[in-house]
Amino acid sequence: MKNVLIAIIAIGVVAMGLVSLLRVQPVGIDTKQSKQTNMARPADNNSVVIQNYAFSPNPLKVKKGTTVTWTNNDIAKHNVVVDDGQPAGGPSGPLFGKNETYQFTFANAGTFNYHCSPHPYMKGVVEVTE
Ligand code: CO
């Protein structure tokens with residue numbers, strides 16, 4: 001009888017452990033996914049996120065006169081500088097750090113290829129239409 005009781009208690013403890021594992025895991029996964037989604041997806045279609053040394057979305061398509069906001073999620077400082085040979089009226093901003101933003105208003109239509117000065121492999125495009 002004692003052995004049966006011990007067995008029942010042991011099974012109960014194992015079952016409770018399994019239930020708590022099943023409950024904890026999906027919550028952890030959900031939290032991670034929503035955090036990643038929030039960070040990867042810009043707040044609106046006038047916003048570019050800089051993360052892991054990359055601009056996103058890329059290309060960004062906006063109408064003439066739109067103010068575009070770049071937000072830096074990296075620890076490294078970045079900037080937004082139009083490439084040589086692009087239409088007039090492209091950005092050429094200062095370096096800005098983590099959680100800081102840079103804004104530029106595109107007054108001219110055209111396709112603006114840009115890069116980050118310290119990291120020339122960081123390339124982006126803003127397509128500005130009339
Ligand atoms: Co950079």
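Donors here are N, O and S atoms within 2.8 Å of the metal. With that in hand, let's walk through this structure, which is a predicted model.

Start at the cobalt ion. His78 (ND1), Cys116 (SG), His119 (ND1) and Met122 (SD) coordinate the cobalt ion, at 1.9 to 2.5 Å. What arrangement do the 4 donor atoms around the cobalt ion make? It's tetrahedral, because the angles they subtend run from 92 to 126°, and four donors count as tetrahedral if all angles lie between 85 and 135 degrees. For reference, the ideal angle for four tetrahedral donors is 109.5 degrees.

Now trace those donors along the chain. Their spacing reads H-x37-C-x2-H-x2-M. The pair His78 and Met122 links distant parts of the chain, 44 residues apart: His78 is in the loop between S4 and strand S5 (81-82), while Met122 is in the loop between S7 and S8. Are these two buried or exposed? Both His78 and Met122 are buried.

Step along to Asn79, which is also placed in the loop between S4 and S5. Asn79 counts as buried because its relative accessibility is 6%, and the cut-off for buried is under 20%. A polar atom of the Asn79 side chain lies 2.7 Å from the backbone nitrogen of Ser117.

Phe55 brings us to the largest nonpolar core, which has 19 residues. Which of them touch the most other members? Phe55, Trp70 and Phe106 do. The elements that give two or more residues to this core are strands S1 (47-50), S3 (60-63), S4 (67-72), S6 (101-105), S7 (110-115) and S8 (123-129). In soluble globular proteins, nonpolar side chains tend to be buried together.

Take a closer look at Phe106. Beyond neighbours within four places in sequence, Phe106 is in contact with Trp70, and also with Val68, Phe112, Val126 and Val128, among others. Lys64, Gly65, Thr66, Gly89 and Pro91 are on its contact list too.

Last stop: Ala109, in the loop between S6 and S7. Ala109 counts as partly exposed because its relative accessibility is 27%. Its contacts, again leaving out neighbours within four places in sequence, are Lys64, Val128, Thr129 and Glu130. Ala109 and Glu130 are 21 residues apart in sequence, yet their C-alpha atoms are 5.7 Å apart in space. Lys64 and Val128 turn up in the contacts of Phe106 as well.

Terms used: Residues numbered from 1 in each chain as written. Predicted model: local features only at pLDDT ≥ 70, side-chain atom pairs only at ≥ 80, totals over all residues. Heavy atoms only, no water. Core = buried A, V, L, I, M, F, W, Y, C linked by side-chain atoms within 4.5 Å. Buried < 20%, exposed > 50% of the residue type's maximum accessible area, 1.4 Å probe, protein only. Helix = DSSP H or I, 4+ residues; strand = E, 2+ residues; numbered from the N terminus. Contact = heavy atoms within 4.5 Å. Donors = N, O, S within 2.8 Å, 3.2 Å for Na, K, Ca; no water. Tetrahedral: all angles 85-135°; square planar, octahedral: opposite > 155°, others 65-115°. Polar contact = N/O pair within 3.5 Å; in protein donor to acceptor, adjacent residues only side chain to side chain.
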